[in-house]
Amino acid sequence: MSLMFEEESGIDEVAERIASDDAAVRRIAVMELAEVSFDPEAELLAIKALSDADGDVRLEAARVLYEFDGDAVAQALVDALQDSEEKVRLAAAETLFENKDGSVAPILIKALQSTTDSFVMAALLRALREHRVAETQQIALQGLTHADASVRREAVGVLAYLKAEEVVLALMDAARNDADPEVRRVAVGSLVFSKTDKSCEVLQGALQDDNWQVREEAAFVIGKLGRQECVDALIAAMDDGYWEVCVKSARSLGQLKSRKAVEVLGSALGHGMSNLRKEAAASLGEIGDKSARPYLLQAQEDVDPDVRKLVQWALQRIG
Amino acid sequence: MPLAYTPTNVPVTINADACIADKGCTVCVDVCPLDVLAIDMAKGTAYMKYDECWYCMPCEADCPTNAVTVSIPYLLR
Amino acid sequence: MTTDNSETIMQVDVLVIGGGTAGPMAAVKAKQANPKLNVVLLEKANVKRSGCISMGMDGLNNAVIPGHATPEQYVKEITVANDGIVNQKTVMAYAQKSFDMINLLDSWGVKFEKDETGDYNVKKVHHMGTYVLPMPEGHHMKRILYRQLKKHRVKVINRFMVTRLLTGKHGELAGAVLLNSRTAEIAVIQAKAVILCTGAAGRLGLPSSGYLFGTYENPTNAGDGYALAYHAGAELSGLECYQINPLIKDYNGPACAYVTGPFGGYTANAEGQRFIECDYWSGQMMLEFYRELESGRGPVFLKLDHLAEETIDEIEVILHSNERPSRGRFHERRGNNYRERMVEMHISEIGFCSGHSASGVWVDENARTTVPGIYAAGDLACVPHNYMLGAFVYGAIAGQDAAEYCAGHEFAELDMQQIEMEKARVLAPLQRQDGITPYQMEYKLRRMVNDYLQPPKVTKKMEIGMERFSEIRDDLQYLCASDPHELMRATEMQFILDCAEMAAAASLYRTESRWGLYHYRVDYPQTDDANWYCHVQTIKGDTDQPECFKREIAPYIVELNDEEKGAYSKLRVASTSA
């Protein structure tokens, strides 16, 4: 018989191996459920395998459930978040996160309301983020004050994706006061959706955060929001010890078209890091003020072709 | 035009203790884009049969028991 | 092994050849267009991990996203990057469908980089308009595609390669002859439409390591589709516009400097300075790279050692978990640490790849080749600088169009004599007890490709190369394979030989220089728009040799203004100033 017409292993054959006494045989059979995922029987077998005695079999079951949709699958994965073995818990969390089916959100929310375990909470919040359902808002707000930083980080994520103006104050609070720098950074980044001018003060404060990545994020957000009130703070940030922060500040000063920034950007054309020189030249071009000419003329012979090109471009724009 | 065979050091190695090919696993063999791995039926483990490796790593990444190690082929190291 | 054709002939509506990137998308879209169609996805390896993105991809470099770039801007940029030689309609079709495709992939679960509120985080790299959308968790790509294949009930056949397409009485597609790489079984598929998604011709030149499979491209991409289209009578285009890529020396895989760009990484000379003037990933950029490599300031490096620890951590996660994860292992062994020193770079061997340059099977904006019923999508279809997202877009276009084509066409009759001849040709090496192995023949062929076809191109050298290729063709009567696996290699080796001959013919035909290093002819150093502002097409001639002819460039649908043309001519001046 021709190989081409050979059928893939049928569900009955896989089911037989899943009933084996040998855990390794069961494990391989569970993996093969991916090939027959269109068979309703396969889903039942995969869910059942999540309560196998062997941790490796449960691990493969948590992974293979990625191929299936629906409430029963979601509930089984939620339960697996409390598996006795960490690898199974992590795999279940990953599969829940990968699942794009928004219809399972009520199951996740219900589970979230009835748990106190911080790993489970963080995993569920993360899985709910992309579903963007309004019902998550309240519970995420509560998560902002959780003792565990990973829960707070995922709670900020949920709120940021919801883009709801009424939670901006809470996000601003997290951006300013959270003890964890990653939570502060994400919270600062989340402020790009909000039209409120109240965020100005928070963003200026974030430009002086102890963590450079928070400062970098703040410089970026200010430019994206077009916050003219923050120009002085950005100019001050051009003295930051991390050139990465200066690059983002230079970029934002260009976006804000701030004439006040010409001097500090002009000086940046002499910085040792060409990434910053590049950004400074581009921003001087965008600002378009004639007072930038002397700086740009001096930078025409920069060793870096990218800087030279942007200097030329800026000079043409200024005219 | 008779043929001779020249031995060569292969980049993909299998930890025989961890390999579960004897239980029916063929994951590494299945995922190799160049089809260079095979199962040694007598030993019950996978092995590299042809030295034609792109060091692309699915065999290592997908092995359920971490039995596969991909090294960079000697000529490239 | 069976010799009775009646047992092995299978009838399908749409046969998709190649299960990498474009192929799964084409199959899913054909099935969506008409769920009743019998759609088969054929893969030489296994669709779970096949093609050049078997380990995922770390970013899009041609995302046309509203608010960041317009389709018109994109078409202009590609026109400039490809020295004016483009069928703009094909590029426009990509550009207009690019954003919908990103959203579709996003809804399937592909992870693009987003800002903290879930909006795409597009990074600006060039000032004219190309945009990078990173995919820091892009390693799940194949799993996501596989799930969609299962969901849409596409029939997948692994471990079969197509050796020839079959044509009907009027030159239209009739089917395909298949070879199983594990059993040497020959099978025949009668099909209404075929979609070629076989990727680049990546095993054309020999990597400098001499390791046959240590190529830049996935070495399963031996140029199958180029040869299949050629023998079926289709037009190929721009084969003189080779693909040559910057890479990590010896490792011979991408350094992905463009991925590190938004983080502040760049390609530098030995003095640690940027040297690339060109804004576009193009032959011009490769010429600048090549010159620096050969200069006193060479060789060339990927420079990251000026970046902050946290930034390098982030870059390492992306570069060492996506696309070519063994990069990290290579660096470890060499003692390369991005934090402490620059990583030596080099340029790749030559290949065909329209996804990165412009050498491909000619298609129109519906992904149709010049043979009725044959479609092409992905790296082998001549839509310049299409990359991964273009493979998805053109896969979708081809799948939909092929489904419509099936509705209006009957199966073409199979020619049994054609099939018998093909069976005899393919199986011959297996029947020889001894002779020359496919590895020896391939090594010699590809070494000759390096010696005689690699730019800078010299007329006399290419002519000598043609002679050597013809001698190797004479040696095919000694080609022997000891098992089905070797028979697959022997069959691929013959595809590579077809590609080498086409590369030489097209390069000799275009008597000018264009596309920077890609077609830099030392004895015709000038770009000659008066005679060569046109496509060069290659087809199989009456004497079974490649024949070339000119094809006019269709009127532009997006005109370039003077400033933009300035950018274009500046590139041309630079490309011929050697």
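A salt bridge is a side-chain nitrogen of Lys or Arg within 4 Å of a carboxyl oxygen of Asp or Glu. One such pair in this predicted model joins A:Asp22 to B:Lys23, whose closest N and O atoms are 2.6 Å apart.

**Chain A against chain B**

Between chain A and chain B the count is 1 salt bridge, and 2 residue pairs, both at pLDDT 80 or more, are in polar contact across this interface. On the chain A side, helix H2(A) brings the largest share of the residues that touch chain B, namely 5 residues, and the residues of that side divide into 4 nonpolar, no polar and 3 charged. Of the area that chain A buries against chain B, 63% is supplied by A:Arg27, A:Ile28 and A:Met31, which is more than any other three residues give.

**Chain A against chain C**

| Interface | Residues in contact | Buried area | Part from carbon and sulfur atoms |
|---|---|---|---|
| Chain A and chain B | 7 residues of chain A, 7 residues of chain B | about 560 Å² | 68% |
| Chain A and chain C | 47 residues from chain A, 47 residues from chain C | about 4000 Å² | 47% |

Across the interface of chain A and chain C there are 12 salt bridges, and one of them pairs C:Asp119 with A:Lys163, where the closest N and O atoms lie 3.0 Å apart. The residue pairs in polar contact across this interface, both at pLDDT 80 or more, number 19. Several helices of chain A each supply at least two residues of the side that touches chain C, among them helix H6 (86-98), helix H10 (149-162) and helix H20 (305-318). The largest share of that side, 5 residues, comes from H20(A), and the residues of the side as a whole divide into 20 nonpolar, 7 polar and 20 charged.

**Helix H2 within chain A**

Helix H2 (residues 23-32) of chain A also packs against helix H4 (residues 55-64) of chain A, their axes coming within 9 Å and crossing at roughly 0°. Angles under 35 degrees count as roughly parallel, and H2(A) is therefore roughly parallel to H4(A). From H2(A), the residues A:Ala23, A:Arg26, A:Arg27, A:Val30 and A:Met31 meet residues of H4(A) that include A:Asp56, A:Leu59, A:Glu60 and A:Val64. The residues of this contact divide into 7 nonpolar, no polar and 4 charged.

Definitions and conventions:
Residues numbered from 1 in each chain as written. Chains lettered and ligands numbered in written order. Predicted model: local features only at pLDDT ≥ 70, side-chain atom pairs only at ≥ 80, totals over all residues. Heavy atoms only, no water. Contact = heavy atoms within 4.5 Å. Buried area = accessible area lost by both parts, 1.4 Å probe. Polar contact = N/O pair within 3.5 Å; in protein donor to acceptor, adjacent residues only side chain to side chain. Helix = DSSP H or I, 4+ residues; strand = E, 2+ residues; numbered from the N terminus. Nonpolar A, V, L, I, M, F, W, Y, C, P; charged D, E, K, R; others polar. Axes fitted to C-alpha atoms, helices over the stretch in contact; angles between N-to-C directions. Parallel < 35°, antiparallel > 145°, perpendicular 65-115°, else oblique.
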